[in-house]
Amino acid sequence: MNRLIFPLIVLFVAVACGEKKPEKKEEQAPNVPIVKTDGLKIAYYYSDSLRTGFDYYKSQDERITAKGKNLEQILMNRQKAIIDMEQRFQNHIKNGTASGDELQKMENELLRKKEQFMQYQQQEGAKLEKETADVLTAISKKIEAAGKKYCEKYKIDLLLIHGSGGQINYINGQMDVTKSFIDFLNNEQEQLKKDMGE
């Protein structure tokens with residue numbers, strides 16, 4: 001009988017306390033203004049064209065690419081030195097031209113060089129990756145700021161970015177302002193640097 005009493009007491013307490021159900025909030029419609037399309041000016045530019053047309057973008061891309069190639073060359077040289085060292089070590093073992101202590105020292109040095117190489121590769125690769133991300137962020141901010149100025153200057157209401165893999169499938173070619181926008185970016189480059197605090 002005691003076995004039945006405890007569950008009944010727990011049930012009685014739970015019902016007596018009553019669980020509060022969360023209040024259901026009413027959904028409110030967003031306040032979206034109605035835009036009249038009469039006279040609405042919409043334009044777009046090809047984002048891929050900025051890589052080759054926007055001078056600042058090109059210079060930063062060339063600088064980062066050169067750094068990447070330089071790092072690649074350094075890594076190749078260091079890796080070759082380790083391979084040569086390993087080959088000498090194997091030759092000493094094969095020809096019996098080194099004592100046990102000498103072989104142990106060579107092996108320790110080889111392991112140290114390999115570890116140093118891995119650390120250097122990771123550190124320098126991470127630095128280059130961060131610098132690349134920072135440069136792309138700076139370029140994006142410049143383009144965004146310039147886009148606003150460009151639209152204000154030419155009374156464009158909506159400036160779209162068109163590119164491969166983007167969300168826009170087709171836009172009438174008459175709305176393409178890519179060349180004009182790139183010219184604007186290049187002409188405003190010094191002012192953009194000042195605006196961005198560079």
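Biologist: What do the side chains of K148 and E152 meet in?

Modeller: K148 and E152 meet in a salt bridge, with 3.7 Å from N to O. The term means a side-chain nitrogen of Lys or Arg within 4 Å of a carboxyl oxygen of Asp or Glu. Before we go on, this is a predicted model, where local features need pLDDT of at least 70 and side-chain atom pairs count only at pLDDT 80 or more, while totals for chains, interfaces and linings use all residues. Residues are numbered from 1 along each chain as its sequence is written, and side-chain values use heavy atoms, with hydrogens and water left out.

Biologist: Fine. How far apart are K148 and E152 in helix α4?

Modeller: They're four residues apart in α4, so about one helical turn separates K148 from E152. Helices here are DSSP runs of H or I with at least four residues, strands are runs of E with at least two, and both are numbered from the N terminus.

Biologist: And is K148 buried or exposed?

Modeller: K148 counts as exposed because its relative accessibility is 56%. E152 has a relative accessible area of 48%, so that one is partly exposed. The cut-offs are under 20% relative accessible area for buried and over 50% for exposed, with partly exposed in between (1.4 Å probe, protein chains only).

Biologist: Which residue does D134 form a salt bridge with?

Modeller: That would be K130, and the closest N and O atoms are 2.8 Å apart. Both sit in α4, which covers residues 100-154, and they're four residues apart, about one turn of the helix. D134 is partly exposed at 41% relative accessibility, and K130 is exposed at 54%.

Biologist: What about K179 and D183, where do they lie?

Modeller: Both are in helix α5, residues 178-187, again four residues apart and about one turn of the helix. K179 counts as exposed at 62% relative accessibility, whereas D183 is partly exposed at 36%.

Biologist: How many salt bridges does the count come to?

Modeller: The count is 12 salt bridges.

Biologist: OK, changing topic to the fold. What pattern does the chain follow along the sequence?

Modeller: It reads α-β-α-α-α-β-α-α, with six helices and two strands in the protein chain.

Biologist: At what angle do the axes of α4 and α5 cross?

Modeller: Roughly 115°, and the axes come within 10 Å. That makes α4 roughly perpendicular to α5. Axes are lines fitted to C-alpha atoms, for helices over the stretch in contact, and angles run from 0 to 180 degrees between N-to-C directions. Under 35 degrees is roughly parallel, over 145 roughly antiparallel, 65 to 115 roughly perpendicular, and the rest oblique.

Biologist: Which residues in α4 and α5 meet?

Modeller: On the α4 side you have I143, A146, G147, K149, Y150 and K153, and on the α5 side S180, F181, F184 and L185. Contact means heavy atoms within 4.5 Å.

Biologist: What is I156 in contact with, leaving aside neighbours within four places in sequence?

Modeller: K41, A43, Y150 and C151.

Biologist: Last one: what share of the 198 residues in the protein chain is buried?

Modeller: Buried residues make up 21%. Among the contacts with a separation of 6 or more, 81% are from residues 24 or more positions apart.
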